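Hi,

Here is the structure I promised to pass on.

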Amino acid sequence: MKMSNAGGANESSKKKMSSRGLGKFLKEQRGRLYIMRRCVVMLLCWHDK
């Protein structure tokens with residue numbers, strides 16, 4: 001029962017999110033992926049030496 005309530009709350013929060021909020025979220029996720037990718041590359045390159 002709790003899962004259905006959480007799903008309903010999630011849907012209502014999605015409707016409230018504006019395109020600006022979505023853009024900010026996507027930009028933040030892209031930044032996180034970039035940082036993680038750079039860290040992995042650095043670790044792999046450091047391990048090769």
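A quick definition to start: buried means under 20% relative accessible area, exposed means over 50%, and partly exposed is in between (1.4 Å probe, protein chains only). Keep in mind that this is a predicted model, where local features need pLDDT of at least 70 and side-chain atom pairs count only at pLDDT 80 or more, while totals for chains, interfaces and linings use all residues. Residues are numbered from 1 along each chain as its sequence is written, and side-chain values use heavy atoms, with hydrogens and water left out.

Of its 49 residues, 0% are buried. The chain exposes about 5300 Å² (Shrake-Rupley method, 1.4 Å probe; for residues, only the protein chains shown count as cover), and carbon and sulfur atoms supply 65% of that.

Now for Leu 26, which sits in helix H2 (residues 19-48). Leu 26 is partly exposed, at 44% relative accessible area. Together with Leu 22 and Phe 25, Leu 26 forms a nonpolar surface patch with about 270 Å² of accessible area. Patches take residues with over 30% relative accessible area and no salt bridge, joining like charges within 9 Å and nonpolar side chains (Val, Leu, Ile, Met, Phe, Trp, Tyr) within 5 Å.

There is one salt bridge (a side-chain nitrogen of Lys or Arg within 4 Å of a carboxyl oxygen of Asp or Glu). Arg 32 makes it with Glu 28, and the closest N and O atoms are 2.8 Å apart. These two residues are about one helical turn from each other, because they lie four residues apart in helix H2. Both partners are partly exposed, Arg 32 at 45% and Glu 28 at 39%.

Finally, the cysteines: the disulfide count is zero (cysteine sulfur atoms within 2.5 Å). Cys 39 is partly exposed at 36%, and Cys 45 is partly exposed at 42%.

Cheers
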